[in-house]
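Take a look at the model below. We will go through its helix packing, then a hairpin, then the domains.

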Amino acid sequence: MESVNSPANSTLRKTPLNALHRRLDAKMVNFGGWDMPVEYPSSGGLVAEHKAVRNNVGVFDVSHMGDIRIHGAKHPGGALQAVQHLTMNDASKLAFGQAQYSAMLYPQGTFVDDVIVHRLREDDYLLVINAGTREKDVQWVKNNTAKFNCVVDNLSDSYTQLAIQGPKAVEVLRKLTDADLDAVKNYWFTHGTVCGLKNTLIARTGYTGEDGFEIYIPSDIATSERVWDAVIEAGKEFGIVSCGLGARNTLRLESKMALYEHEISDTINVWEAGLERYCKMDKGDFVGRAALEKARADGLKRTLVGLEMVDRGIARDGYRCFDENGKALGVVTSGSPSPTLCKNIALAYVPPAFAEIGTPIYVEIRTQKCKAQVVPTPFYKRLRKATAK
Amino acid sequence: MAYPANYRYSKEHEWIEAKGDAATIGITDYAQQELGDVVFVELPAVGTKLTTGKTFGSVESVKAVSEIYAPASGEIVSANGELQNKPETINSDPHGAGWLVKMKLANPAELNGLMDAAAYEKYIEEKKKEASA
């Protein structure tokens with residue numbers, strides 16, 4: 001048995017809440033060069049944290065993610081032009097206070113990173129990016145926006161970012177802010193006072209498939225810990241638990257949300273990843289558009305499918321997939337037991353001919369080929385309450 | 001949780017209990033804590049020959065696969081079938097009902113090379129210190 005926890009005196013990067021996680025006796029691991037909590041035994045562990053988010057509420061420290069602000073310099077419109085050039089979704093459709101899932105692409109139409117673009121105000125955008133790609137993305141943005149009239153600020157270290165997720169998330173946050181949360185729809189945001197902190201960005205976004213919010217607070221340790229503790233206190237009556245990256249992964253996998261270097265990467269294009277909904281080819285030119293046009297014409301060579309294990313066994317990241325004759329088909333990008341479905345699920349790239357629901361796919365688990373079948377995705381979808389407004 | 005005085009322990013956090021050449025093997029309380037909730041166990045078939053230090057199966061949590069290493073050599077006489085439907089027994093009773101396999105030892109003297117309970121407890125104390133240094 002090998003031990004996977006990372007020691008405290010390592011050279012990994014730390015969020016402002018690192019000491020707090022260690023005081024809570026969280027199990028810590030290296031995630032993309034960051035010393036992060038994977039689960040909290042005091043919460044009951046990964047499965048308990050996962051279920052808490054699906055049924056009540058959980059709070060995650062996601063400060064390792066990055067933040068890039070692109071805003072107009074001398075001539076308004078420069079920032080929008082830059083964002084439109086850099087990203088595949090149509091940022092011109094965003095109202096103030098609205099956000100969209102998008103991605104930055106390489107000229108080959110493959111992924112630099114996925115990103116959430118927030119329109120803060122006229123010609124002022126905030127891009128929230130992944131932890132492992134912070135520096136790469138900042139460099140990419142600077143290089144590819146030099147010709148536009150805009151200013152690029154790397155604000156990644158300025159914020160502690162907390163994700164409060166679950167059906168009760170809104171009730172928890174309501175106790176801590178004066179902002180009208182009911183007016184903030186999914187993928188919209190507002191600014192309000194949170195725990196006494198004025199003008200705090202409150203976004204109805206998340207990576208769990210549940211309702212929830214992400215708040216961006218000042219990154220000094222004292223403030224970060226004070227707000228975390230306030231969230232926990234406010235959430236007690238709703239059964240809030242601290243949640244780590246382990247539950248974050250099982251939650252997003254059930255909801256079929258992509259993870260960089262798994263479902264999306266610099267060798268996978270938008271069509272293969274099934275993200276055409278977020279790619280607006282008609283909005284005008286953007287980096288990667290020409291290659292995507294060509295790829296679309298050439299036809300799909302592989303596509304992302306959902307798998308459910310039929311035989312005993314857990315398909316995991318990197319395991320190979322075969323057809324019933326032993327021919328190699330592709331690879332599992334993400335795989336894990338699903339705490340909500342009580343099944344072993346996975347996402348994998350296979351040729352389009354094998355993408356039909358019900359197709360048997362054989363996953364190589366250590367030395368055995370174990371049967372799985374293609375199933376619809378997302379594996380889990382939350383019930384949306386009809387709001388009587 | 002106490003570490004039974006009559007068990008022997010490997011550096012890979014397996015325990016082995018022997019009466020003559022009849023041995024039972026499992027993973028320790030420390031191992032199950034590190035792993036988290038066990039969701040899946042893969043054990044060898046009856047008759048499989050184990051070689052000291054080589055992997056003979058795996059214990060999986062949601063997050064990770066952990067190989068199990070043979071603390072001694074011998075032949076499997078039974079595997080704990082209950083773990084198929086209730087893998088969480090390894091978490092709740094790692095030194096008892098959570099046993100993994102029973103084995104006929106090739107050489108019972110091999111166990112002298114393993115740690116006793118006191119030595120193992122010292123070993124994991126050091127591991128815990130490393131993790132929170």
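Start with two helices of chain A. Helix H3 (residues 78–86) packs against helix H4 (residues 134–145) at an angle of about 115°, and their axes lie 10 Å apart. Axes are lines fitted to C-alpha atoms, for helices over the stretch in contact, and angles run from 0 to 180 degrees between N-to-C directions. Helices (H or I, at least four residues) and strands (E, at least two) are DSSP runs, numbered from the N terminus. At this crossing, A:Ala82, A:His85 and A:Leu86 of H3(A) meet A:Val141, A:Asn144 and A:Thr145 of H4(A). Contact requires C-beta atoms, placed from the backbone, within 7 Å.

This is a predicted model: local features need pLDDT of at least 70, side-chain atom pairs count only at pLDDT 80 or more, and totals for chains, interfaces and linings use all residues. Residues are numbered from 1 along each chain as its sequence is written, while chains are lettered from A and ligands numbered from 1 in the order in which they are written.

Now the hairpin. E1(A) pairs with strand E2 (residues 34–39) of chain A in the antiparallel sense, over 5 bridges. Pairing needs at least two DSSP bridges between the strands. A:Lys27 stands opposite A:Glu39 in E2(A). Between the strands sit 2 residues, and A:Gly32 in this hairpin takes a positive phi near 55°.

Last, the domains. The assignment for chain A gives domain 1 (18–63 + 158–254) and domain 2 (300–375); such bounds come from an automatic or database domain assignment. Their centres, taken over C-alpha atoms, are 32 Å apart. Domain 1 of chain A brings 8 residues to the contact and domain 2 of chain A brings 7 residues.

Technical notes:
Two residues are in contact if their C-beta atoms, placed from the backbone, lie within 7 Å.
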